[in-house]
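Subject: Structure handover

Hi,

Here is the structure I promised to pass on to you.

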Amino acid sequence: WLLQQILSIKKPVVLVGETGTSKTATTQNFLRQLDPDFTLLLTINFSSRTTSMDVQRNLEANVEKRTKDTFGPPPGKRLLVFMDDMNMPQVDQYGTQQPIALLKLLLEKGGMYDRGKDLNWKTLKDVGFVAAMGKAGGGRNEVDPRFLSLFNVFNVTFPSMDSLFHIYSSILSGHLQPFNKSIQDLSKTLTSSTIDLYQRVVSDLPPTPSKFHYIFNLRDLSRIYHGLFLTTPDRFDSPENFIRVWRNECLRVFYDRLTNSKDKDLISSHIKDLLNQYFVDYVEVAIRDPILFGDYRTALTPEKPRIYEDMQDYDVVKALFDEILEEYNENNNRMDLVLFEDALEHLTRVHRVIRMDQGHALLVGVGGSGRQSLARLAAFAAGSEVFEITLSRGYGEEDFREDLKSLYQKLGIEKKKMVFLFTDAHVAQEGFLELINNMLTSGMVPALFADDEKEAIIGQIRDEAVSAGLVPNRESCWVYFVQKCSVNLHIVLCMSPVGETLKNRCRNFPGLVNNVSIDWFTPWP
């Protein structure tokens with residue numbers, strides 16, 4: 001409501017708050033409801049490597065020339081720019097953040113200089129700004145107060161426990177409608193126990209320099225529910241089965257990212273306490289190990305539907321994956337894998353993430369711990385193709401962009417489900433991670449395609465967009481293409497925890513922790 005009032009008087013607005021207080025979600029939801037005939041949307045995700053040139057290029061790609069020095073969106077429309085993580089850009093030696101300095105000029109004077117030879121002044125008309133940013137600290141910087149004074153600033157607070165309970169229990173009870181009565185009655189107790197567990201995890205496992213990825217926020221709660229929604233009434237017909245899948249989802253979200261056995265035991269004991277507190281009758285079934293859930297029983301028979309279910313024990317899973325591995329070796333480069341119990345667990349975890357909507361994974365482990373082989377096999381079992389870049393001498397950002405173009409062609413035009421496997425050996429320049437960060441947060445790399453390539457793609461996809469019920473103009477076709485790409489794309493990052501590199505990268509590119517499921521590979525027994 002606030003956003004609507006302020007945008008109706010055409011003033012810029014910024015929302016400030018902790019991570020996971022749904023600043024981005026609220027804004028995007030609001031922007032989606034605006035009339036597409038009168039507004040164009042542009043989202044820019046800032047990270048520590050964003051330069052003022054990136055911002056300018058992004059803006060120029062979305063406006064057209066009106067008169068000699070005036071630029072703007074197509075006549076009769078207004079361009080709304082949403083800048084996420086606005087305080088991320090790094091501070092240069094003069095104490096300024098370059099993108100912020102450019103935006104300050106744009107907001108105060110209504111234009112900017114052309115970066116060509118002549119430095120001509122360009123006036124931008126009909127452009128509005130909405131921004132979101134976290135509190136300063138942990139890679140985020142203080143923003144120039146003179147710049148902030150041009151905005152209306154609102155603080156977004158963390159929702160109260162009552163509202164969390166209300167939101168999540170109503171979502172869950174909606175999903176449980178087709179299930180039998182005994183399971184429907186669980187929705188409230190399950191939500192209380194989930195929120196209880198979340199509060200315990202946040203207080204017991206704070207982030208430290210060596211455990212920099214122990215950042216738990218509302219996204220993790222949503223991931224648990226995302227997992228519960230994979231269930232179907234025919235496989236989960238009794239309360240104990242459903243409690244068991246709840247335990248599995250909590251372990252996958254909180255437990256998999258932990259680095260040592262002490263923390264893991266702590267989480268297991270918390271879950272056991274909660275089971276004894278809320279679900280005494282079902283503890284025995286729920287606590288049984290191993291706990292392996294997946295939908296790869298029918299992976300080799302594509303005509304059968306895939307059902308998320310309890311895989312019972314290691315023997316069943318090993319037999320299934322041995323078959324899948326044989327099939328994989330017939331069509332691809334041969335992999336000789338010995339699938340022992342730990343490997344099967346990691347395989348099941350990675351497979352679960354790839355099967356989720358927009359599921360991305362970060363696998364952290366030392367070299368030779370089998371991250372890439374397991375990721376390839378899991379992708380094959382999930383029915384996706386693996387895409388990775390090949391480094392050559394002098395491989396730079398331009399080559400990387402070309403490779404990404406071919407990836408997006410496959411995702412959007414050929415409609416293939418792709419797993420983009422990216423390891424720390426592939427980071428020839430830190431700038432690559434800037435692009436990956438954008439792919440994780442918004443599903444697309446800004447200004448990746450030149451105008452003529454963009455037109456070609458829109459031409460290829462127009463009929464399909466129209467049959468999906470969209471208006472056949474350029475913008476809605478392009479939005480349709482980006483959405484289709486982000487649904488088909490799964491990114492699997494394989495990084496090594498040795499040294500400070502991973503810590504600094506995660507601090508500079510918040511998407512690497514916030515938008516992925518982390519699986520930490522401990523040394524093999």
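This is a predicted model: local features need pLDDT of at least 70, side-chain atom pairs count only at pLDDT 80 or more; totals for chains, interfaces and linings use all residues.

Residues are numbered from 1 along each chain as its sequence is written, and side-chain values use heavy atoms, with hydrogens and water left out.

Salt bridges

The structure holds 33 salt bridges (a side-chain nitrogen of Lys or Arg within 4 Å of a carboxyl oxygen of Asp or Glu). Side chains of opposite charge can pair when their charged atoms come close. Asp 69 has such a partner in Lys 68, at 3.6 Å from N to O. Lys 68 counts as exposed, because its relative accessibility is 71%.

Another pair is Lys 416 with Glu 414, where the closest N and O atoms are 3.1 Å apart. Lys 416 is partly exposed at 27%, and Glu 414 is partly exposed at 44%.

Arg 505 and Glu 430 also form a salt bridge, with 3.2 Å between the closest N and O atoms. This pair links distant parts of the chain, 75 residues apart: Arg 505 lies in helix H20 (residues 501–508), and Glu 430 in the loop between strand S14 (418–423) and helix H17 (431–442). Helices (H or I, at least four residues) and strands (E, at least two) are DSSP runs, numbered from the N terminus. Arg 505 is buried, with a relative accessible area of 9%, whereas Glu 430 is partly exposed at 29%.

There is also a network: Arg 252, Asp 256, Glu 345, Arg 349 and Asp 519 are joined by salt bridges that share partners. Asp 256 sits in the loop between helix H10 (239–255) and helix H11 (261–278), and is buried at 3% relative accessibility. Leaving aside neighbours within four places in sequence, Asp 256 is in contact (heavy atoms within 4.5 Å) with Leu 251, Arg 349, Ile 518, Asp 519 and Trp 520.

Back in helix H20, we find Lys 503, which counts as buried at 16% relative accessibility. Apart from neighbours within four places in sequence, Lys 503 is in contact with Pro 209 and Phe 212.

A helix pair

Helix H14 (residues 341–355) packs on helix H15 (residues 371–381) at an angle of about 50°, with the axes 9 Å apart. That makes H14 oblique to H15, because angles under 35 degrees count as roughly parallel, over 145 as roughly antiparallel, 65 to 115 as roughly perpendicular and the rest as oblique. Axes are lines fitted to C-alpha atoms, for helices over the stretch in contact, and angles run from 0 to 180 degrees between N-to-C directions.

The residues of H14 in the contact include His 346, Leu 347 and His 351, and those of H15 include Leu 374, Leu 377 and Ala 381. By class, this contact has 10 nonpolar, two polar and no charged residues (Ala, Val, Leu, Ile, Met, Phe, Trp, Tyr, Cys and Pro count as nonpolar, Asp, Glu, Lys and Arg as charged, and the others, Gly among them, as polar).

Best wishes

Terms used. Buried means under 20% relative accessible area, exposed over 50%, partly exposed in between (1.4 Å probe, protein chains only).
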